[in-house]
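Colleague: I am new to reading protein models. Could you walk me through one, feature by feature?

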Amino acid sequence: ATAMNPPNRPPALRAVFSLCLSSSLIRLAASLAVPPGAPSPSFWHDDARVASLPDPPPPPVLSSIRASPHRGGFEPASDAPWRPVSVLAGSLPPDLVGTLAVLGAGRVRIGGRRYGHWFDGDGYASALALDGRAGTAAFTGRF
C-alpha cells in the first residue's frame, strides 16, 4: 500500500484514486485541447480569446490576472450544457462507471466589482459522467 493506493479504500475507489493521481493520467478535454507537442499559449494573454468570454474581465481585473495567472481560475464560469469530452490518452477502465459532481465557487465578481473572498461567490455545480464500458465521458456545469 502506498499514498497513491491506500489499502483501506474499496477496490473501485482505489482505482479511481490511482487514476486521478497517477503519472499516466487520462486526459479529458472538451473543445480547448492543445495537440501533443504544440505550445500551450496563455489564454489570458490572447485578447481575442478573452473577448470571446461571456463576461470578459474589465482591464484592471485582466491586468491582475496577467500578473498572477492563478487568479484566472476564479473568473466567472458560464453554464455548460451536457457535452461529450474526449479521452486523449489511454482509456477508461471498463468498471469505471458513474458521475463525479463538484460544488464550488463559480462567480467572484459582477462586472468590475469583485467579491471580498471567493467563498463569498455564487455557487457552481459541475458534473463529469464516465462510462468505462462504452468508453465515453460527458461534462456539464451551471449556477
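**Strands and their partners**

Modeller: Let us start with β6 and β7, which run antiparallel and are joined by seven bridges. This is a predicted model, where local features need pLDDT of at least 70 and side-chain atom pairs count only at pLDDT 80 or more, while totals for chains, interfaces and linings use all residues. Residues are numbered from 1 along each chain as its sequence is written, and side-chain values use heavy atoms, with hydrogens and water left out.

Colleague: When do two strands pair, and what counts as a strand?

Modeller: Two strands pair if DSSP finds at least two bridges between them. Strands (E, at least two residues) and helices (H or I, at least four) are DSSP runs, numbered from the N terminus. Here, L130 has A137 of β7 as its bridge partner. In the hairpin of β6 and β7, four residues lie between the strands, and G135 takes a positive phi near 70°.

Colleague: Which strand pairs with β7 over four bridges?

Modeller: That is β2 (residues 80-87), which pairs with β7 (residues 136-142) in the antiparallel sense. One place to look is P84, whose bridge partner in β7 is A138.

Colleague: How many helices and strands are there in the protein?

Modeller: There are three helices and seven strands. Along the sequence the pattern reads α-β-α-α-β-β-β-β-β-β.

Colleague: How do I read a helix by its buried residues?

Modeller: First, the words: buried means under 20% relative accessible area, exposed over 50%, and partly exposed in between (1.4 Å probe, protein chains only). In helix α3 (residues 59-67), the buried residues are V61, L62, S64 and I65. They lie on the same side of α3 because they cover an arc of only 160° around the axis, taken from the directions from the helix axis to the C-beta atoms. The face turned away from that buried side carries the exposed residues P59, P60 and A67.

Colleague: What covers the buried residues of α3?

Modeller: The cover includes α2 (47-51), β4 (109-110) and β5 (113-114). Across the protein, buried residues make up 22% of the 143 residues.

Colleague: Now the charges. What is the idea behind a salt bridge?

Modeller: Side chains of opposite charge can pair when their charged atoms come close. The cut-off is a side-chain nitrogen of Lys or Arg within 4 Å of a carboxyl oxygen of Asp or Glu. A search of the whole structure finds two salt bridges. R66 forms one with D47, with the closest N and O atoms 2.6 Å apart. R66 lies in helix α3 and D47 in helix α2, so the pair ties together parts 19 residues apart in sequence.

Colleague: Which side chain meets R109 in a salt bridge?

Modeller: D55 does, at 3.5 Å from N to O. R109 lies in strand β4 and D55 in the loop between α2 and α3, so this pair ties together parts that are 54 residues apart in sequence.

Note on methods
Contact = heavy atoms within 4.5 Å.
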